[in-house]
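Subject: Structure for you to look at

Hello,

Here is the structure I promised. Please open it first, then read my notes below.

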Amino acid sequence: MTMTSPADADTEVVNAGRPQPRRGVSLRDAGPPIALVVIFGVFAALSPGFRAVSNVQNIMDAAAVLAVVTCGITFVLMMGSIDLSAPGIMGASAITVALLVANNRNDNEYGILGIVVAVLLAAALGCLSGLALVLLKVPSFMTTLGVSAVGLGVATLMFAGVQPNVSDEMLAGWAVERFLGLAHLTWIAFACVFVGWLVQRYSRLGRYAFAIGGAEEVLALSGVRVAPYKVAVFTMAGAFYGLAGVMVTSQLGAGLVQAGKGYDFSAIAAAVVGGTLLTGGRGGILHSTVGVLLVTVLTNGLVQIGVSPYWQGGVQGLIVVAAVAAAVIPQRRRNQVTK
């Protein structure tokens, strides 16, 4: 009888739990990029101001924070879980960094160290979400909603009724200074997307996130400890949210408890529109990034052609419903069970 090493067993489990990529590009994978090109072309034809170089730069800059949040939430969605903790974690991170860099509330001037501490706090809150999920066996949307409330509570305590205004030149420069026509925040977002893609493509964490979403039971029955990987994914997602909170603070020049308001829905919407399934096992960072651009281009284009902001939320909601329906119909035809 031949023996199989643990490393070989892990590889076999991942390959069994995750569908192997097919050669070529399916219509479902090509759909979001095609839609992005079509929507961009329609708005460019309707509004000369939309196709201006300055407006394209504005679109990229506007997508920066959402792209970073979506990087984190994509890994959670790949596992078939839901993460609603972004608003609370971003709020805690925003207040923390505002109080640790040069500000009007105290004499702290920790600079980059303050940013690192804010991101580590966010990662710890993300870890709390993962631990609550695997230890308490509570659905992820409930545990992350609770952690969001914890983050908002921590942020409110630190806020203490006095808004911390940031005077740190380095942090303020992220939103103001430009390189090749784009704000530094946008380049940070590019870096986050690249790092997320590397983790997804080449690390065991990324492969197991796919495998958990595709066939968690098979992975567990094969002897792989699933819980640590779930906690690691939520911890990494929290770090992304924390960095996004720092980026919002750079944009606003102040720390706000509500710095992350609405980003959870927007990030989930962008990921789903880009092709990352809510049920897990399909999609990824590049898919979700296309979704971020789709949502941002749509928002900018509606403003450019004069559509009332009150209609924009409804239009985005309809697009999300349509994207979810397009992803679920093929699953129903294959008689797959929806999580």
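Start with Ser 93. Ser 93 is buried, because its relative accessible area is 1%. Buried means under 20% relative accessible area, exposed means over 50%, and partly exposed lies in between (1.4 Å probe, protein chains only). Ser 93 sits in helix α5. Leaving out residues up to four places away in sequence, Ser 93 touches Ala 118, Gly 242, Gly 245 and Val 246. A contact means heavy atoms within 4.5 Å.

A word on the basis. This is a predicted model, with residues numbered from 1 along each chain as its sequence is written. Local features need pLDDT of at least 70, side-chain atom pairs count only at pLDDT 80 or more, totals for chains, interfaces and linings use all residues, and side-chain values use heavy atoms, with hydrogens and water left out.

How confident is the prediction?
The pLDDT is the predictor's confidence in each residue, from 0 to 100. The protein averages 83, and 85% of the residues score at least 70. Confidence is highest in helix α5 (residues 86-100), at a mean of 95. Helix α1 (residues 6-17) is lowest, at 47. The pLDDT is below 50 over residues 1-7, a stretch with two contacts in the model beyond near neighbours in sequence. Residues 11-25 are also below 50, and that stretch has 14 such contacts.

The overall picture
The protein has 14 helices and two strands. Helices (H or I, at least four residues) and strands (E, at least two) are DSSP runs, numbered from the N terminus. Of the 339 residues, 48% count as buried. Take the contacts with a separation of 6 or more: residues 24 or more positions apart account for 77% of them.

Two helices side by side
Which way do α9 and α11 run relative to each other? Their axes come within 11 Å and cross at roughly 175 degrees. Axes are lines fitted to C-alpha atoms, for helices over the stretch in contact, and angles run from 0 to 180 degrees between N-to-C directions. The two helices are therefore roughly antiparallel. Angles under 35 degrees count as roughly parallel, over 145 as roughly antiparallel, 65 to 115 as roughly perpendicular and the rest as oblique. From α9, Leu 185, Ile 188, Cys 192 and Val 199 take part. They meet Met 236, Phe 240, Leu 243, Met 247, Ser 250 and Gln 251 in α11. Eight of these residues are nonpolar, two are polar and none is charged. Here Ala, Val, Leu, Ile, Met, Phe, Trp, Tyr, Cys and Pro count as nonpolar, Asp, Glu, Lys and Arg as charged, and the others, Gly among them, as polar.

Aromatic rings
There are seven aromatic pairs. Rings of Phe, Tyr and Trp (its six-membered ring) pair if their centres lie within 6.5 Å; planes under 30 degrees apart count as stacked, over 60 as edge-to-face and the rest as tilted. Phe 179 and Trp 187 are edge-to-face, 5.6 Å centre to centre, with 65 degrees between the planes. Tyr 208 and Tyr 229 are edge-to-face too, at 4.5 Å and 80 degrees. This pair links distant parts of the chain, 21 residues apart: Tyr 208 is in helix α10, Tyr 229 in helix α11. Tyr 208 is buried, at 0% relative accessible area.

One backbone detail
Lys 137 has a positive phi, near 60 degrees. Most residues other than glycine have a negative phi. Lys 137 lies in the loop between α6 and α7.

Best wishes
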